[in-house]
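Subject: Structure for your review

Hello,

Here is the structure for you to look over. My notes on what turned up follow below it.

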Amino acid sequence: MKTNDQRISPCLTFNHQAEEAANFYVSIFSAVFENSKVLNIARFSKEELEALSYLPEDIRPGPAGSVRTVRFLLNGQEIEAVNGGKFFNFCEGMSLYVRCKTQEEIDWLWEKLSEGGEKSQCGWLKDKYGVSWQIAPAIVDEMLNDLDPEKSNRVIIAIYGMKKYDIEALKRAYEGQ
């Protein structure tokens, strides 16, 4: 059995859309990043479901053959998606943060991930499954941590006024233009 060297991986628990969501994410990310693919799909067996027969019927997974877990890569980052039942919900307290190198990457991911979801402030969006994402330029980390507090302050104030990040506007704020 081959194990991944990545020691910490996000695990997203869906009601019953784990495979659909993994395929959705892989299709979007593979257009802009390398190494985005589905690695494995595990399905519930009849015996496994029998072992879970103690669960109340309204939250019991199944049927046999339905998807239990999906392991996939987004830009080399392993993520696991689980079908956990209808009592699991996503919230904004946990998000996936994506550092983009170009405005084109930001634009693509922002539009594709927000289809059927909702766009919010400061690069945040919620996709059609309820998963929260932050789509940000990689350069913003350096700008916000600049030793010159005036520069970093101008950048954060500019971010507060944005929905989708605009790299050129952030650069102008950073330079005081």
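Helices and strands here are DSSP runs, with helices (H or I) of at least four residues and strands (E) of at least two, numbered from the N terminus. By that definition the chain has 6 helices and 8 strands. Please note that this is a predicted model.

Overall layout

From the N terminus, the order of elements is β-α-β-α-β-β-β-α-β-β-β-α-α-α. The C-alpha trace spans about 65 × 35 × 25 Å along its principal axes. The chain has 177 residues, and 38% of them count as buried. Among contacts with a separation of 6 or more, 64% are between residues 24 or more positions apart.

Asp-5 and Glu-78 are 73 residues apart in sequence, and their C-alpha atoms are 9.9 Å apart in space. Asp-5 is exposed, with a relative accessible area of 71%.

Helices

Helix α1 covers residues 18-29, and its 12 residues reach 16 Å from the first C-alpha to the last, close to the 16 Å expected at 1.5 Å a residue. Its buried residues are Ala-18, Ala-21, Ala-22, Phe-24, Tyr-25, Val-26, Ile-28 and Phe-29.

Helix α5 (residues 149-160) also has 12 residues; at 1.5 Å a residue they should span 16 Å, and the end C-alpha atoms are 16 Å apart, which agrees. Buried in α5 are Ser-152, Val-155 and Ile-159. Seen down the axis of α5, these buried residues fall within an arc of 60°, so they line one face of the helix. The face turned away from that buried side carries the exposed residues Pro-149, Glu-150, Ile-157 and Tyr-160. The cover over the buried residues of α5 includes α4 (139-144) and α6 (167-175).

In α6, the buried residues are Ile-167, Ala-169, Leu-170, Ala-173 and Tyr-174. Down the axis of α6 they fall within an arc of 160°, so they too line one face of their helix. What covers them includes α3 (103-114), β8 (132-137), α4 and α5.

Pockets

The largest pocket holds about 270 Å³ of space. Its lining consists of Pro-10, Phe-29, Phe-33, Leu-74, Asn-75, Gln-77, Ile-79, Leu-96, Tyr-97, Val-98, Arg-99 and Trp-133. By class, that is 9 nonpolar, 2 polar and 1 charged. Strands β4 (77-83) and β5 (95-100) each supply at least two of the lining residues, and β5 gives the most, with 4. Phe-29, which is in this lining, is also one of the buried residues of α1.

The second largest pocket holds about 200 Å³. It is lined by 14 residues, and those nearest its centre are Asn-15, His-16, Pro-61, Gly-62 and Gly-85. The lining of this pocket divides into 4 nonpolar, 7 polar and 3 charged residues.

Backbone points to check

Most residues other than glycine have a negative phi, and most peptide bonds are trans. The following places depart from that.

The peptide bond joining Gly-62 and Pro-63 is cis, with omega about 5°. Gly-62 lies in the loop between α2 (46-51) and β3 (67-74), and Pro-63 is placed in that loop as well. Gly-62 is partly exposed, with a relative accessible area of 37%. Neighbours within four places in sequence aside, Gly-62 is in contact with Phe-44 and Leu-49. Gly-62 and Ile-106 are 44 residues apart in sequence, while their C-alpha atoms are 37 Å apart in space. Gly-62 is also among the residues nearest the centre of the second largest pocket.

Asn-75 has a positive phi, near 55°. Asn-75 sits in the loop between β3 and β4 and counts as partly exposed at 44% relative accessibility. Asn-75 is also part of the lining of the largest pocket.

Cys-122 has a positive phi too, near 60°, and lies in the loop between β6 (118-119) and β7 (124-126). Is Cys-122 buried or exposed? At 19% relative accessibility Cys-122 counts as buried, because the cut-off for buried is under 20%.

Regards

How values were computed:
Residues numbered from 1 in each chain as written. Predicted model: local features only at pLDDT ≥ 70, side-chain atom pairs only at ≥ 80, totals over all residues. Heavy atoms only, no water. 1 Å grid on protein atoms, 1.4 Å probe; cavity = no way out; pocket = protein on both sides within 12 Å on 5 of 7 lines; lining within 4 Å. Points joined across faces, edges and corners; volume = space filled by probe spheres on them. Nonpolar A, V, L, I, M, F, W, Y, C, P; charged D, E, K, R; others polar. Expected span 1.5 Å × (residues − 1). Buried < 20%, exposed > 50% of the residue type's maximum accessible area, 1.4 Å probe, protein only. Arc of directions from axis to C-beta. Contact = heavy atoms within 4.5 Å.
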